[in-house]
Amino acid sequence: MKRFQQTVRAAAVAAVLAAGFAGAAHANKPQAAKPWADLGRPPTPAEIKAWDIDVRPDFKGLPKGSGSVAHGQKVWDEKCAMCHGEFGESNEVFTPIVGGTTKKDIETGRVANLHVDKAFPQRTTLMKVPTVSTLWDYINRAMPWNAPKSLSVEDVYGVVAYILHLGDILPENFVLSDQNIAEVQKRMPNRNGMTLDHGLWLPNYKFSGKPDVKNTRCMNNCPIEGDIKSMLPENMRDAHGNLFEQQRIIGPTRGWDTTKPPRKEPLAPKS
């Protein structure tokens with residue numbers, strides 16, 4: 001019995017000593033790294049270059065190169081016309097790229113058909129876009145739809161030149177390049193149509209400008225559900241034909257009969 005007690009006492013002392021050594025070791029051990037410390041790595045210069053492709057309105061980022069209207073038409077017919085039509089008129093899915101601009105718009109830089117009192121039936125790309133860099137950048141990064149970023153620099157220059165030729169902005173023998181694109185910008189029909197004269201664009205707008213939105217901060221009994229509504233302007237109701245007839249034959253119908261006045265209630269799901 002006495003030997004058993006000695007054995008138990010020795011085991012207890014050993015356990016205490018072991019716990020003490022473990023605590024000391026833990027105290028001297030460096031603090032564990034945060035679980036995300038080893039995630040990821042800095043990107044390589046090549047990886048940054050592959051994504052750093054934006055072209056700004058001042059043409060910073062525009063690659064050197066050129067493309068003719070004739071080359072652009074060839075690329076357009078092969079890779080663009082299937083969605084956007086042979087002359088930029090587009091199809092039932094995509095809105096027209098060309099149309100609605102005049103020689104007078106090219107002179108003034110303001111598209112007259114964008115005025116509310118004109119009620120022009122369709123707002124095309126060339127009516128709205130103020131900068132040619134926007135066309136270049138978007139086509140370069142996103143077109144064609146089924147193979148984005150597959151166009152060469154010459155292809156992009158050519159397609160932009162062809163679009164501008166369809167809009168009577170460039171002649172058919174024009175070669176668009178990084179050397180003359182700034183001059184072409186001076187002929188964009190809506191180049192003066194974008195205003196910076198509002199709060200979110202003015203420098204230090206908190207002091208010198210007015211914000212675009214005004215509201216009162218809610219501190220008590222605030223609404224917890226948003227009221228989401230949408231509307232279709234009258235001049236756009238039949239821009240692409242009757243939406244009701246373009247719905248799939250199963251599932252809920254989200255479109256309305258655009259040949260009739262707007263409905264107050266959505267259609268019930270088809271049976």
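A residue is called buried when its relative accessible area is under 20%, exposed when it is over 50%, and partly exposed in between, using a 1.4 Å probe and protein chains only. Ser177 is buried, with a relative accessible area of 11%. This model is predicted, so local features need pLDDT of at least 70 and side-chain atom pairs count only at pLDDT 80 or more, while totals for chains, interfaces and linings use all residues. Residues are numbered from 1 along each chain as its sequence is written, and side-chain values use heavy atoms, leaving out hydrogens and water.

Start with the whole chain. Its secondary structure comes to ten helices and two strands. Here helices (H or I, at least four residues) and strands (E, at least two) are DSSP runs, numbered from the N terminus. From that end, the elements run α-α-β-α-α-α-α-α-α-β-α-α. Of the 271 residues, 29% count as buried. The accessible surface comes to about 20000 Å², and 58% of it belongs to carbon and sulfur atoms. Such areas come from the Shrake-Rupley method with a 1.4 Å probe; for residues, only the protein chains shown count as cover.

Next, contacts. A contact means heavy atoms within 4.5 Å. Among contacts between residues at least 6 apart in sequence, 57% join residues at least 24 apart.

Now look at helix α7, residues 132-142. Eight of its eleven residues are buried, so α7 is largely enclosed by the rest of the structure. Among them are Val132, Leu135, Trp136 and Ile139. Asp137 and Asn140 are buried too. The buried residues of α7 pack against α6 (125-128), α8 (153-166) and α9 (181-185).

Move on to α8. The buried residues include Asp155, Tyr157, Gly158 and Leu166. They pack against β1 (66-68), α3 (69-79), α6, α7, β2 (175-177) and α9. After α8 comes Asp168, whose phi is positive, near 60°.

Return to Ser177. Its place is in strand β2. Leaving aside residues up to four places away in sequence, Ser177 touches Gly65, Ser66 and Tyr157. The side chain of Ser177 also reaches the backbone nitrogen of Gln179 at 3.1 Å.

Last, the aromatic rings. A pair of aromatic rings is described by the distance of the centres and the angle of the planes. Rings of Phe, Tyr and Trp (its six-membered ring) pair if their centres lie within 6.5 Å; planes under 30 degrees apart count as stacked, over 60 as edge-to-face and the rest as tilted. The count comes to three aromatic pairs. In one of them, the rings of Trp76 and Tyr162 have centres 5.7 Å apart and planes at 55°, so the pair is tilted. Trp76 lies in helix α3 and Tyr162 in helix α8, so the pair ties together parts that are 86 residues apart in sequence. Trp76 counts as buried at 2% relative accessibility, and Tyr162 counts as buried at 3%.

The rings of Phe94 and Trp145 have centres 5.3 Å apart and planes at 85°, so this pair is edge-to-face. Phe94 at 22% relative accessibility is partly exposed, whereas Trp145 at 62% is exposed.

Methods. Polar contact = N/O pair within 3.5 Å; in protein donor to acceptor, adjacent residues only side chain to side chain.
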